Amino acid sequence: MENRNIYGWSLAIVCFVVLMIVTPSIPQSQAYHDFADQRGFFGIPNTLNVISNFPFLVIGIVGLVLCYHGNYFKLNLQGELWGWSFFFIGVAAVAFGSSYYHLKPDDARLVWDRLPMTVAFTSIVAIFIIERIDERKGTVSIAPLVVAGIISILYWRFFDDLRPYALVQFVPCIAIPIMAILLPPMYTHSSYWLWAAGFYLLAKIEEAMDKPIYKWTHHIVSGHTLKHLCAAMVPVFLTLMLARRSIEPERKSLFEVWQVSWIRVKENWQKTERIDCNYSEISTTIEP
């Protein structure tokens, strides 16, 4: 088992090195800092892009408190408690880091915007490993994953290359929904993972459509402001999941559940079709 873990990590490192060799570097575009809504109110530059980070602070603090207050979330595994603590600390820190960045957007401040988000991303991956693959592996992976995320930020800042950061951000976006669908969950309400992934995808679309959305709304709200609000829904859904879930008595993946549901729908449709056919036959028979 230990040899298998070593082989797995070695393969991942080799793949990363090959990727870094065969792909060109991705510098940070300075146009990224040119947001659509640059209005200031009450002496606050870029006001809406700043204050729209407040929900992160609220949900981060609430989630962290509930992790420890009377064990409200019923986190029975030490790795779970550590993982979710890192996640909610990262979420709360996004409010400060992103607000600081949007007051005066530039590369130096962008570090503090991305750093807490990276902590949240990587801790979520570790949590998923704990819940879906192996408790021990997931617990052990918390620190390496968080450190890898921090290193990706530092690498970008010192070498102006976003490739490692892009991997840290986008690989979980692909891997987590796939694992949520295919791997049997330890707890109920696992569909909340997909709701969270959906809101994050919507947030990324709004981020890319910053200026068009600002134009479509007649300069009321920009895509980047909406991106903050949608991204904040990710920890909201995960907090609701933690509050409502319980141990899953029958560990079935969402894919298996959907298969069973589809079979039932087909059976009900076939029964309805037979009834309609029989009714038609009867109606035809009794006609004079």
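Colleague: Why are Arg 163 and Asp 161 said to form a salt bridge?

Modeller: Keep in mind that this is a predicted model. In it, the closest N and O atoms of Arg 163 and Asp 161 are 2.7 Å apart. The cut-off for a side-chain nitrogen of Lys or Arg and a carboxyl oxygen of Asp or Glu is 4 Å, so a pair at 2.7 Å counts.

Colleague: And are Arg 163 and Asp 161 buried or exposed, and how do you know?

Modeller: Buried means under 20% relative accessible area. Arg 163 has 13% and Asp 161 has 2%, so both count as buried.

Colleague: How many salt bridges does the structure hold?

Modeller: There are 7. One of them joins Asp 34 to Lys 211, with the closest N and O atoms 3.0 Å apart.

Colleague: What makes the pair of Asp 34 and Lys 211 a tie between parts of the chain?

Modeller: Look at where they sit: Asp 34 is in the loop between H1 and helix H2 (47-51), while Lys 211 is in helix H9. The two parts are 177 residues apart in sequence, so the pair ties them together.

Colleague: Why are Asp 34 and Lys 211 called partly exposed?

Modeller: Partly exposed runs between the buried limit of 20% and the exposed limit of 50%. Asp 34 comes in at 39% and Lys 211 at 43%, so both land in that range.

Colleague: How do you know that Arg 245 and Glu 131 meet in a salt bridge?

Modeller: Their N to O distance is 2.8 Å, and the limit is 4 Å, so the pair qualifies. This pair also links distant parts of the chain, with Arg 245 in the loop between H10 and helix H11 (254-286) and Glu 131 in helix H5, 114 residues apart. Arg 245 and Glu 131 are both buried, and together with Glu 80 they are linked in a network of salt bridges.

Colleague: Which residues line the largest cavity?

Modeller: Among them are Glu 131 and Arg 245 again, along with Arg 132, Pro 185, Tyr 187 and Trp 193. The cavity has a volume of about 30 Å³.

Colleague: What about the second largest pocket, and which residues lie nearest its centre?

Modeller: That pocket has a volume of about 1,000 Å³. It is lined by 49 residues, with Met 117, Phe 121, Gln 169, Tyr 200 and Lys 204 nearest the centre. Helix H4 (78-103), helix H5 (107-132), H7, H8, H9 and H10 each give two or more residues to the lining.

Colleague: Why do His 189 and His 219 count as partly exposed?

Modeller: His 189 has 28% relative accessibility and His 219 has 47%. The limits are 20% and 50%, so both fall in between.

Notes
Residues are numbered from 1 along each chain as its sequence is written. This is a predicted model: local features need pLDDT of at least 70, side-chain atom pairs count only at pLDDT 80 or more; totals for chains, interfaces and linings use all residues. Side-chain values use heavy atoms; hydrogens and water are left out. Buried means under 20% relative accessible area, exposed over 50%, partly exposed in between (1.4 Å probe, protein chains only). On a 1 Å grid over the protein atoms alone, a cavity is a set of points where a 1.4 Å probe fits but cannot get out, and a pocket is an open set with protein on both sides within 12 Å along at least five of seven lines; lining residues have an atom within 4 Å of a point. Grid points are joined across faces, edges and corners, and a volume is the space filled by probe spheres set on the points. Helices (H or I, at least four residues) and strands (E, at least two) are DSSP runs, numbered from the N terminus.
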